[in-house]
Amino acid sequence: MPDPSFVGRALPATAPYRVGREKIREFARAIGESAPVCHDPDAARAAGHPDVVAPPTFSVTFTMPLIEAFLRESDFGWDYARMVHADQSIVAHRPIHGGDDLVTTIHVEDLRSRSGSHMLTLRCEVTDGDGSAVATTRALLVTPAEEQA
Amino acid sequence: MIRAGDALPPLSLRVTRAALVRYAGASGDFNPIHWSDRVATGVGLPGVIAHGMLTMALAGRLVTQWAGDPGAVRSYGVRFTRPVVVPDDDEGALLELSGTVSEVVDAPDGVRIARVAITARFDGKTVLGRATAEVALPS
């Protein structure tokens, strides 16, 4: 049973995550994104970016492991094994680039229990080294309410 | 001039088991329902399914190939309504993507934003709900 007292809490901000140029290229290749600005620093600079540009969903590579760690390792009481990802939104306050140092803070935004399910909304606020907003992501995660026999 | 009602060039993609393995490595999502039939069927799925976030990323390519620069995407959201089942063969699952500009608005910073409604189909059925992206248009 998830602990509703977590709702409204923010977890401690992470240590900075350095966005690797090769990580962006690897992610772009994995999703078949061939835009030159994702692969070639010169093409990215010609388009006005400081370095290669991450595809829109790249932030999952560093936010999802944080979410998994919270749901598996905290005393929140979440049934991670039977969890389903129901909804995902990403707001880019600016593009993510190779060389960015990004800090993520997870907010436990909402928890609803109805029709046999627990529905959890986790918000990730991603900021850069100056504390400027880079991305806001929200994941709606659902798990069955009955305890497994 | 981009207007409401404009259709984006459609995109058809094959999602294979090899693509799932590659995405698992690149994204760090190693949930075995995305690579093990034994685990997938054990939790009641018809077989190995694609990562929802991979389907979302692939559908995003419909928008980025149209926009040219993935950095132009201001927001992107989807609901995962149906799994994409990926067979263990060379063809994989066929994902059919289409999209339409639903409106063009001015953002507070003066940039023109196109709102795009995306449709993603697998096996003739939609797999993403309310899939919407906002893209900054060149001035």
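The entries below go from ground rules to the interface, a helix, the rings and one arginine.

**Ground rules.** I am working with a predicted model, where local features need pLDDT of at least 70, side-chain atom pairs count only at pLDDT 80 or more, and totals for chains, interfaces and linings use all residues. Residues are numbered from 1 along each chain as its sequence is written, chains are lettered from A and ligands numbered from 1 in the order in which they are written, and side-chain values use heavy atoms, with hydrogens and water left out.

**Entry 1, the interface.** I looked up how chain A meets chain B, and found 30 residues of chain A in contact with 24 residues of chain B; contact means heavy atoms within 4.5 Å. The area buried between the two chains is about 2100 Å², and carbon and sulfur atoms give 59% of it. Buried area here is the accessible area (1.4 Å probe) that two parts lose on being put together, summed over both. On the chain A side, Ala30(A), Ile31(A) and Pro56(A) lose the most area to chain B, together 23% of what that side buries.

I then checked the polar side. Nine residue pairs are in polar contact across the interface of chain A and chain B, both residues at pLDDT 80 or more. A polar contact is a pair of N or O atoms within 3.5 Å; within protein, one must be able to donate a hydrogen and the other to accept it, and residues adjacent in sequence count only if both atoms are side-chain atoms. My count of salt bridges between chain A and chain B is zero, taking a side-chain nitrogen of Lys or Arg within 4 Å of a carboxyl oxygen of Asp or Glu.

Helices (H or I, at least four residues) and strands (E, at least two) are DSSP runs, numbered from the N terminus. In H1 of chain B, residues 17-27, I noted several buried residues, among them Leu20(B), Tyr23(B) and Ser27(B). Buried means under 20% relative accessible area, exposed over 50%, partly exposed in between (1.4 Å probe, protein chains only). What covers the buried residues of H1(B) includes helices H1 (21-30) and H4 (60-73) of chain A. Which residues does Ser27(B) touch, not counting those up to four places away in sequence? I found Phe27(A), Val60(A) and Thr61(A). Ser27(B) has 5% relative accessibility, so it counts as buried. Just after H1(B), Gly28(B) takes a positive phi of about 80°.

I found eight aromatic pairs over all chains. Rings of Phe, Tyr and Trp (its six-membered ring) pair if their centres lie within 6.5 Å; planes under 30 degrees apart count as stacked, over 60 as edge-to-face and the rest as tilted. Phe6(A) and Phe76(A) have centres 5.1 Å apart and planes at 70°, so I logged them as edge-to-face. Those two residues are 70 residues apart in the chain, and both are buried. Phe27(A) and Phe58(A) are also edge-to-face, at 5.6 Å and 90°. A cluster of ring pairs links Tyr17(A), Phe27(A), Phe58(A), Phe62(A) and Tyr23(B).

Buried or exposed? Arg25(A) is buried, because its relative accessible area is 19%. Its side chain makes a polar contact with the side chain of Glu22(A), at 2.6 Å.
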